[in-house]
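Subject: Structure for you to look at

Dear colleague,

Please read them with the model open beside you.

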Amino acid sequence: MKHTHVILLVLLFLTAACQHKTPEQKPLSIIYETDMGNDIDDALAADILYKYHDAGKINLLGIMLNKEGVHQPEYIDILNTWYHHTEIPIGIIRLNNVTPDPDDYAAKVCKLTDDQGEPLYKRTIQDYTTLPDAHVLYRKLLAQQPNHSVTIVSVGFSTNLARLLDTTADEYSPLSGKELVAQKVSRLITMAGGIPDSSFYEYNIKEDIPSAQKVFHEWPTPLVTSPFEVGEAIRYPAESIENDFKWAEHHPVVDGYVNYMPMPYSRQTWDLTAAIYALGGDSLFTTSPAGNITVTDKGATLFTKNPQGNRYYMSVDSLQAANVLREFLRIIPSPYK
């Protein structure tokens, strides 16, 4: 009889344990928005996203380009192919012509050849002119996702996001762009602005001020921005680029870094900070109280506290900056096969 009681107690304990088992966390759905080619931090941020995607921590739904050009989508295709994720769709921007540069690092990597004169890196897409407009691809991807499930990481100009807000009902959704964003997006993480200095006009803002004004004013979900001073405080070391990638015979991000400017140089990590924050690294930074962010007609970004607001900005002290850099150095140089 005592044995029966023991068995019953064990069964009850196991049943209770199973009922209280912590459910597995679902991967975070991410859309990456980039002006790839303007600065090398976009490519380093992409590396982190691919690795988190492979680790099952995120589902990288798509990559959107807010820099117009011939080689930008080709370079993204090279990355998708090299990282074995040719299924990730690419959206491009048309009729924008912000910061055209026919010979940026993306173009230089696309033109690299091997000893036989063949392209050094494989591609998957045959015709980049057939790629969809980013704001259209946004609608397609968002309509397919559960409500309030998508995080957008935007590390370039606001043009595509502004165009998305202005879209109307289509084959993918009967909702307007703003309604679709409100329904499907959890939050928008940007690299933009310079919060402490009202006379500072940050690059991603000033190159398309009207779009930035629209997004910071009208975007319906919480928005967190990594301002200029955060990435300025954390620099990815040249020593890592020169010494930590010997496991790869050729690496499109390293080649991008080398072709961005003469080596050696340690580069600011503006876009990486937005990416790592979105991927669960918010504990590495200080997040401001809730408020509003206004973009002036000259391109400054002004923050005001407001408990009812849903705009925030990141900051770091020296200890946090060191911890963030340590995290970058843990992820980026790790071998990829």
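At what angle do helix H13 and helix H14 pack, and how far apart are their axes? Helix H13 (residues 270-278) and helix H14 (residues 318-331) pack at an angle of about 85°, with axes 11 Å apart, where axes are lines fitted to C-alpha atoms, for helices over the stretch in contact, and angles run from 0 to 180 degrees between N-to-C directions. The two helices H13 and H14 are therefore roughly perpendicular to each other, given that angles of 65 to 115 degrees count as roughly perpendicular, under 35 as roughly parallel, over 145 as roughly antiparallel and the rest as oblique.

Before going further, please keep in mind that this is a predicted model, in which local features need pLDDT of at least 70 and side-chain atom pairs count only at pLDDT 80 or more, while totals for chains, interfaces and linings use all residues. Residues are numbered from 1 along each chain as its sequence is written, and side-chain values use heavy atoms, with hydrogens and water left out. Helices (H or I, at least four residues) and strands (E, at least two) are DSSP runs, numbered from the N terminus.

On the H13 side, Leu 272, Thr 273 and Ile 276 meet Glu 327, Phe 328 and Ile 331 of H14, contact meaning heavy atoms within 4.5 Å. These residues divide into four nonpolar, one polar and one charged; Ala, Val, Leu, Ile, Met, Phe, Trp, Tyr, Cys and Pro count as nonpolar, Asp, Glu, Lys and Arg as charged, and the others, Gly among them, as polar. Nine of the nine residues of H13 are buried, so this helix is largely enclosed by the rest of the structure; buried means under 20% relative accessible area, exposed over 50%, and partly exposed in between (1.4 Å probe, protein chains only). After H13 comes Gly 280, whose phi is positive, near 100°.

In the loop between H3 and strand S3 (90-91) lies His 85, which is buried, with a relative accessible area of 9%. Its side chain is joined to that of Asp 54 by a polar contact of 2.4 Å, that is, a pair of N or O atoms within 3.5 Å, where within protein one must be able to donate a hydrogen and the other to accept it, and residues adjacent in sequence count only if both atoms are side-chain atoms. His 84 lies in that loop between H3 and S3 as well, but counts as exposed at 53% relative accessibility, and its phi is positive, near 65°.

Tyr 260 is in helix H12 (residues 252-260) and counts as partly exposed at 22% relative accessibility. The side chain of Tyr 260 makes a polar contact of 3.4 Å with the side chain of Asp 39. In the loop between H12 and strand S8 (267-268) you will find Pro 264, which a cis peptide bond joins to Met 263, with omega about 0°.

With best wishes
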